[in-house]
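Subject: Structure for you to look at

Hello,

Here is the structure I promised. Please open it and keep it in view while you read my notes below.

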Amino acid sequence: MARRAQQLILGLGLSFAWAGLSCKGDPGASEAKPETPADESTPAAESKGGGDETKPAAALPDEGPLPTLRTGAVEPEVLPAVEAEILTQALEKGVEFYELRLPRSWQDADAVARIHIERPKGAVAVLEEVGGDTNLLLRVPASAGPVLDFVGTAFITADREDGRRWLSLPFSAKGSAKDRGTTGLAPRWASALAASLRGEGGPWWVRTPSHPWREFAAGRVAAMAGGATAAGSFDLGGRRPRRTELSELMHTTTAATSMQEALQHDRGLRLRGKPGPATVPLAELSGPGLVEHPWPEMIAALPDHKAGTPEPLAASTPADFWYVRFDDIRVLLKVLDEADTWITPVAHAMEERAEVRDLSGRYQKQLGLRRTGLAKALGHTVVKRLAIVGSDPYLREGSDVTFIFELHNAAIFESELKRHLDGYRGEIPGIVDSTLEHGAHEIAVHRDPAGIVRQHRATVGDLAIVSNSPGAIRAVLDAIDGTAPRLSEDQDLAYMLARDPGAHEGFVFLGDRFIAQVVGPRQKVLAARRQQALAALLTPGYAALLYGWLEGKAPADAEALIASGLLDRDELRHDDGEAIAFEPGGTARSSWGSPAALTPLIDLPAPTTVTEAERDAYATFARGYQNYWRQFIDPVAIRLDLNEDGDEAEAVVDVRVLPLITGTDYGDLEEIVGTQRIEAPAIDDGLQMVWAVGADSKLRRELDQAASVFGGNRDIGLGWLGEWVMLGTLDRLPVIEVMAMLDEDIQRPAPDQDRKQRDLALAKPLGRLPVYAAANVCNPTALIATLAAVRKSLNEIAPGMIQWGEHTKHGDYSIVRVGVDPAFAGEFREFAESIALHYVVAGDVVVLGLDPTVLEVMIDRTSAGQRPKPGAADGPQFVMEARLARERASYTALSWAMQGQANRSQAAARSVAEILLRGEPGITTEAELKARGLALFGAYPVSASGRADFSLGPQGAGDGVHGTSIAPVFPELPVEGSPIAALMSRLVGVNASVAFDREPAPMEPPARSLHTRLRVRLGSE
């Protein structure tokens, strides 16, 4: 009975979760007074008449201090030292292998998760579980000298009643092995190392995250030790052929890391397939069967097809390029500064892998530009406006980027660019000046041998073009000359400008021709080939890192690496035979670029023929794309404005994607929300989400049917639901109290209670959690019938267990409590007293929540007119707003939550740092780690504070602020100088809205567009 009571307590809200999407009833129904059933406790008071009497919103209560988080370092518990037993020893190819057994001095449920060998130096130890025993398999390189004894530490993960912890077990071993010259020890060690590299074995919470290098290293070690048998044993469970299909490599932006993991798995095992002859003409490949929009009819149907603000620089942009325009270079630089300060670093910290590619630094160097001082030198008196354009979306891998400046003063502009280039000449050796001729234009080229700087410049009238790509600058010059299609001539741009007229500080456009090119056969085939070329470029560096892991030092040169057997000579060539230049300590380069910056697709030779495999792969991709998008390609327009008021600012980003055709996934969304529009009230604190509920909503009908079936009662349904529903939370202390008790990644204090006591401690703030759900009531009679039916159903499920009656009154309204009778709760009596559902019907609004004082605030807001209303025809259908106040619960909760997510990313970041630090023992500084990460991986890892100051010790990789996984350090949050601290110092509020707008053109099926708007309020730092 007690367990049943606990389940009912925690699940009470399910009976009321049918608030979804609703009905249009009798217009006068919302004014009807709900009748109270004679045998029921009053669930709601009468609706107040008049509507003129209002009350101010309840003030934020003074709830006392916020919870504190754990701070300081947590070292592992040190167990008594033990003597390990040396079981076997073998000498294979000049390398000593040993097998040791650790005496079990830990609990059976615990697991050894990491081994550190202090002596002999350079030994690589892995774990092998044999019949309940924990054995260590060690490889000792010849450079370690004679082995006299073993000294090390085993780190053990333990799951206890009060949480997970780490144990440290020192061990040593000395003497002779019982069995010498044992064969098969090396393959066993290789198999165990390969499994460890791929994160197999041990509790899930300490498993090593996947990484392309680990796939390569696992395969290479297994292939070297066991040949074909070992290679076959490391297949990806049947997934490898599917994941390495060419069609998977043709995805535009997704799964790049997983694709490289699959490719490196094959390369590690030396399973390199032959590409086959390219005998199929590229012209035979058919792109997705997407038809052209009827732009003339759509433009003619607009209220004023000439209302759009012209985009002058679109006349200098190729029609198949993406386009970004800023009216003032200072606005661009402000956006970039904010991005560098917190937007991009926070995004990196939130990512699963927490790696930085330094795109800003890469493209600045390639273009020969510097942001420092640029706004002052090239302000609005020098540059009238500028556009940034490019031909593909692969900015992370390597893309063409071209700046088009419209100048007021060409002399100052040229002088400033020369100053920037001169600065790079002092940093990057070998920059050579040359010229290219293109038609009547001369292109000045400034480039170093490695392609770090690759500036291409040309001037046409008052336009200055600066590009990192010869192919891109030629395309831009052709557009200026009118010898190639211009973006300004495309009707999709004309439609988007006239569809939402008005001038904006920033404008982004992705047109039909750009999207068609991205999904077309030329770019897709090249993108897939470039991914395969990247796998080849990564391989020499991966092999060098593996050499460092095994030998404890970097290889002297490429020949030493080949001699070790970790790299094949033919792996210094691409599949087409082109040489790859590589020496340890450097980076791999070829005409395809380097891991840090691949050659832009526009600068690669255009394929005229493809292999049969490429043809079939592209056909698979094209079918999938067409099935998803169904008919039209969707152009996208983004408008940006910055509104500044002293030290505060508001950024407004407006996005429209159109047209969305019935039958697509986007079109299906309108069936959920219908056509109803909403006007949401502003809030002073907390989070609020409001949905419009259309009478024509498909989801409303389905939920209504499901509610009746679930409850077994036809009176349970949504016939009472009106024009909107709302979810939210107030800015109250329990928000952070509950988070501090539930989220393991936010540095919560170590629990000092057993689990039952912790559950009870959680129940109290959970019962006061300031969340609420509200809905418009269009038929109070139907609502009363629904509530009565729910109450009846609950009594049938648990007779006599549910208390349902008036809790308090607030003004004229009754707040009703629904909860488990404490008398039936047994040992969970305190749960029943702490957690209950409350609701109130205030006029034509029903509000549900856990804390009755929250309902009082909502009653006051509703009485004061702070409630959603039907919106204008072009208004939103969903609105989300969040407001933050420093030192309040929501502000702190957001800060902790983001830091917690950053902490979750650290397993992968520390893993990458360890790969680099063990593979290149000479890395000693943060700058060296960044440089080697970019050279070998194209990215470097960052800590939860946004830095790359990792070091490697016995407990693994860690940093000075957050420590290691085994010995974590908990700093004060937010960490001073971190991206999260920068964000929290700026963010004041966010407002986002979504709508599905019907387009005016008479089309069959009807066309609609997705319209979203985001407002970000930034305060002073």
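Start with one term: two residues are in contact when heavy atoms of theirs lie within 4.5 Å. Also bear in mind that this is a predicted model.

**Threonine 729**

Find threonine 729 in strand S29, which covers residues 721-729. What does it touch, leaving aside its neighbours within four places in sequence? Threonine 729 is in contact with Asp685, Gly686, Leu687, Val735, Pro770, Val771 and Tyr772. Is threonine 729 buried or exposed? Its relative accessible area is 15%. Buried means under 20%, so threonine 729 counts as buried.

**Proline 822**

Next, go to helix H23, residues 822-825, where you will find proline 822. The same cut-off applies here: proline 822 has a relative accessible area of 13%, so it is buried. Not counting residues up to four places away in sequence, proline 822 touches Gln803, Arg829, Ala832 and Glu833. Look at alanine 832 in particular. It sits 10 residues along the chain from proline 822, yet their C-alpha atoms are separated by 5.3 Å.

**The sheet**

Strands of a sheet pair through backbone hydrogen bonds, either parallel or antiparallel. Here, 5 strands make an open sheet with mixed pairing, in the order S7-S8-S5-S4-S11. S7 (124-130) and S11 (179-180) stand at the edges. Each has a single partner strand, so one side of each has no neighbour in the sheet. Now look at S4 (residues 85-92) and S5 (residues 95-102). They run antiparallel and are joined by 7 bridges. In one example, isoleucine 86 has leucine 100 in S5 as its bridge partner. Helix H2 packs on this sheet and touches S4, S5, S7 and S8 (133-140). The direction of H2 makes about 95 degrees with that of S7.

**Helix H2**

How far apart should the ends of H2 be? H2 has 13 residues, 185-197, and at 1.5 Å a residue they should span 18 Å. The end C-alpha atoms are 18 Å apart, so the two values agree. Buried ones include Leu185, Trp189, Leu193 and Leu197. Ala186, Ala190, Ala192, Ala194 and Ala195 are buried too. Just after H2, glycine 199 takes a positive phi of about 75 degrees.

Best wishes

Key
Residues are numbered from 1 along each chain as its sequence is written. This is a predicted model: local features need pLDDT of at least 70, side-chain atom pairs count only at pLDDT 80 or more; totals for chains, interfaces and linings use all residues. Side-chain values use heavy atoms; hydrogens and water are left out. Helices (H or I, at least four residues) and strands (E, at least two) are DSSP runs, numbered from the N terminus. The expected span of a helix is 1.5 Å times one less than its number of residues. Buried means under 20% relative accessible area, exposed over 50%, partly exposed in between (1.4 Å probe, protein chains only). Two strands pair if DSSP finds at least two bridges between them. Axes are lines fitted to C-alpha atoms, for helices over the stretch in contact, and angles run from 0 to 180 degrees between N-to-C directions.
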